[in-house]
There are 2 protein chains.
Amino acid sequence: MSAPRQKVVIIGAGFGGLSAARALENVDADVTVIDRRNHHLFQPLLYQVATAGLAPTQIATPVRSILRKQANATVVLDEVTGIDLPNRRVRLGDRTLPYDQLIVATGATHAYFGRDEWAEHAPGLKSLEDALALRRRILLAFESAEVAATEAQRDRLLTFVVVGAGPTGVELAGAIAELARRALTCDFRKIRGQKARVVLVEAGPRALATFCEGLSAYAKTSLEHLGVEVRLGQAVTRCDGDGVDLGEERIDAANVIWAAGVQASPAGLWLGAETDRAGRVFVGTDLTLPGHPEVFLIGDCARICDGTGNAVPGVAPAAKQAGVYAAKAIAARIAGRPAPPRFRYSDHGNLATIGRKAAVADLGAVKMSGFVAWAFWCAAHVYFLIGFRNRLQVVLDWAWSYLTFERGARLVIEAVSRGNDGADEVASPQEPARIAS
Amino acid sequence: MSAPRQKVVIIGAGFGGLSAARALENVDADVTVIDRRNHHLFQPLLYQVATAGLAPTQIATPVRSILRKQANATVVLDEVTGIDLPNRRVRLGDRTLPYDQLIVATGATHAYFGRDEWAEHAPGLKSLEDALALRRRILLAFESAEVAATEAQRDRLLTFVVVGAGPTGVELAGAIAELARRALTCDFRKIRGQKARVVLVEAGPRALATFCEGLSAYAKTSLEHLGVEVRLGQAVTRCDGDGVDLGEERIDAANVIWAAGVQASPAGLWLGAETDRAGRVFVGTDLTLPGHPEVFLIGDCARICDGTGNAVPGVAPAAKQAGVYAAKAIAARIAGRPAPPRFRYSDHGNLATIGRKAAVADLGAVKMSGFVAWAFWCAAHVYFLIGFRNRLQVVLDWAWSYLTFERGARLVIEAVSRGNDGADEVASPQEPARIAS
């Protein structure tokens with residue numbers, strides 16, 4: 001009699017978890033993917049949803065659709081509450097799911113460096129909810145500015161501060177500047193898009209610090225060309241409902257957006273494991289939890305060293321490669337073959353875009369900027385979007401935006417209302433219209 | 001010295017209000033359009049958003065974009081709280097807006113015939129919020145059914161009751177049946193789409209009562225072919241969180257959807273005017289409020305008699321025609337010309353679709369059903385969608401759905417969570433996973 005089929009449980013349907021699940025397609029095992037959302041999100045384009053360039057459906061695909069044809073895969077929509085290591089079970093509230101092999105791919109969220117009280121004033125961007133809430137805030141700021149009673153109120157409503165000049169911050173700042181200066185220009189009568197102020201604040205010495213210095217400088221110049229104020233070497237020292245302090249300087253702003261840091265999901269707590277300061281669990285070069293060869297950690301929740309002593313960066317390609325590695329290791333065990341040699345991250349380079357026609361690409365030997373890099377960025381992102389359907393739609397949307405300067409997804413779904421529930425208020429109290437969340 | 005420019009205020013940016021605003025483009029007047037939403041909604045396709053066929057951006061367009069190039073138009077995003085008839089001012093909370101001519105086009109919402117307590121159990125479908133909430137409920141019902149502990153729970157989760165067999169009810173029932181039986185069939189492991197039960201309840205003697213009898217009968221047969229149970233001449237006598245009563249019969253259902261009646265917006269209250277039972281304000285054949293020739297009422301908030309004693313129906317073409325009439329009457333006054341003769345509604349016919357390949361069209365002399373009517377329905381709806389962009393996207397989406405049986409917009413945006421806030425619960429209490437709103 002043969003042994004029972006191995007149960008492989010994967011927590012998280014992001015880039016890491018999904019690539020692991022797919023790589024297990026032909027392995028003789030039952031694969032269960034758990035996520036508390038019903039969709040896989042193409043996070044690199046999330047800033048486009050927040051700035052009304054793309055609709056949620058264009059960057060998200062139901063996990064069930066993606067794994068529909070994989071006969072050995074089951075999808076569970078639920079929230080993990082813990083992991084019972086000794087008994088090899090994943091806790092889902094009262095229920096538990098047994099596993100023989102576990103892959104933890106729970107990702108990360110934004111971090112406020114110990115200033116969690118800033119979260120309500122400076123929302124971050126990790127999920128579709130975040131993006132839709134941000135889109136609503138940004139669009140309603142323009143609406144409130146159009147009816148603002150004083151010049152000071154209008155200026156505050158039209159000032160956008162983006163904290164952190166990594167790829168997300170740079171892309172957000174560029175997209176907001178374009179939204180304000182071009183797409184919305186003709187739509188309002190009193191305010192004109194030109195009046196909006198976008199400030200990108202970075203505590204470090206340069207924007208896009210993971211790129212080479214030449215491309216960092218190019219990114220700064222491109223942003224300034226779009227009208228973004230780039231403040232390098234300046235840290236936010238205070239953040240409240242009315243704006244931010246940069247040391248002595250005060251910037252009044254109705255919208256502050258946080259793109260400055262990440263904090264791993266609570267996988268470390270569930271496992272009682274050692275983590276780095278960002279909450280990432282230290283794993284061996286085979287991606288397993290020390291003392292638990294049956295538990296793999298991949299992606300942004302893991303602190304992976306590639307053998308040279310450098311941490312593998314928290315980017316989508318690294319998560320995908322780790323997912324494939326973990327799947328191969330599990331397949332080898334099940335087949336009784338030796339495990340693959342230790343995980344090695346192949347760095348294919350870095351990409352970031354700065355609005356229409358400008359981008360930077362750092363591919364090691366090859367560095368690109370300007371229109372060529374932008375075209376490369378478009379092609380790469382569309383290529384990696386899962387599903388033909390999304391690809392076609394995104395291409396059409398970008399072509400449309402490019403030709404018309406239009407933004408297609410400029411919807412505020414909920415009605416504004418005078419019966420305010422208090423949350424997420426955009427208009428200042430002096431204004432007649434209070435805007436409900 | 002010439003008189004100051006006339007101020008025309010339009011409340012509502014639906015079909016009626018927008019068509020009035022556009023028809024005033026070349027009139028020497030300041031036109032202000034007030035809406036509490038930032039978008040115009042193509043309501044006839046709302047059921048497709050609720051059933052994950054289309055995304056919100058595909059049927060909604062920002063009002064500012066639509067009126068961008070109309071120099072005499074201003075858009076105000078705000079909620080009207082009243083109308084000061086003697087002083088000719090619209091109240092927006094503390095603020096007021098003066099008018100010389102007023103067009104009230106505030107539409108309607110769903111009505112529960114005095115059983116407002118049913119609203120929480122049987123949501124209706126009038127706004128994008130409604131549609132997204134319904135999409136979430138429908139998709140999460142399948143997720144909960146997949147992990148249901150008992151057969152009875154599963155059956156209840158997979159039973160959908162649609163109340164009211166007008167065009168909206170028929171289109172919803174057909175779309176849910178298709179979603180359940182085809183699009184979702186391959187995505188789940190335990191439940192199979194075939195098990196879902198869709199019941200369409202109608203108190204009157206036939207479906208699509210505004211169509212001729214032959215087409216009503218065809219619609220019923222087509223729905224039954226899709227697996228919908230059509231219950232004619234049966235009224236809902238009770239509606240609670242677990243299902244509905246139809247007289248003696250009980251149907252356990254996690255999702256009950258209300259498509260049975262409409263109630264006009266509170267325009268009648270604002271104006272202190274006489275209304276019919278559905279809250280529609282009685283207006284003269286020139287669409288003005290009796291005693292107030294400067295106040296027009298159009299669309300679903302008005303009770304318009306076309307001279308033959310019949311009420312003009314609450315459909316988009318009627319609202320558009322009334323908007324154009326009101327604009328012409330105002331233009332004539334401003335130019336000192338005689339007013340156009342009384343409003344006459346030109347009925348171009350009725351259309352309704354019942355899933356893939358089946359529809360009914362009642363164009364007076366011409367009656368169509370089946371594939372020809374479906375093709376006509378598609379062409380007509382795409383043609384009337386405002387904006388080239390939306391048209392192209394909808395065509396592509398329909399082509400895609402038709403070829404693949406896929407549904408593109410199957411997103412549940414928010415994460416499921418164990419920290420439940422109590423609202424909009426889909427899973428039954430016995431199940432381990434509680435699903436938050």
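Guide: A residue is buried when its relative accessible area is under 20%. Keep that cut-off in hand for this predicted model.

Visitor: OK. How many residues of helix 1 in chain A are buried?

Guide: Seven of the nine, in the helix spanning residues 15-23.

Visitor: Which ones?

Guide: A:Phe15, A:Gly16, A:Gly17, A:Leu18, A:Ser19, A:Ala20 and A:Ala21 are buried.

Visitor: Why is helix 1 of chain A largely enclosed?

Guide: Because seven of its nine residues are buried, the rest of the structure largely encloses helix 1.

Visitor: And what do those buried residues pack against?

Guide: Strands 1 (6-11), 2 (29-35), 3 (39-41) and 9 (101-104) of chain A, plus helix 3 (63-66) and helix 9 (316-335) of that chain.

Visitor: Switching to chain B. What is the angle between helix 1 and helix 9?

Guide: About 35°, and the axes lie 7 Å apart. In chain B, helix 1 passes helix 9 in a right-handed crossing.

Visitor: Which residues meet there?

Guide: From helix 1 of chain B come B:Phe15, B:Gly16, B:Ser19, B:Ala20 and B:Ala23. From helix 9 of chain B come B:Ala316, B:Ala319, B:Lys320, B:Gly323, B:Val324 and B:Ala327. The residues of this contact divide into seven nonpolar, three polar and one charged.

Visitor: Back to chain A as a whole. How many helices and strands?

Guide: Chain A has 11 helices and 25 strands. Of its 437 residues, 57% are buried.

How values were computed:
Residues numbered from 1 in each chain as written. Chains lettered and ligands numbered in written order. Predicted model: local features only at pLDDT ≥ 70, side-chain atom pairs only at ≥ 80, totals over all residues. Heavy atoms only, no water. Axes fitted to C-alpha atoms, helices over the stretch in contact; angles between N-to-C directions. Helix = DSSP H or I, 4+ residues; strand = E, 2+ residues; numbered from the N terminus. Left-handed = near helix turned anticlockwise from the far one by under 90°. Contact = heavy atoms within 4.5 Å. Nonpolar A, V, L, I, M, F, W, Y, C, P; charged D, E, K, R; others polar. Buried < 20%, exposed > 50% of the residue type's maximum accessible area, 1.4 Å probe, protein only.
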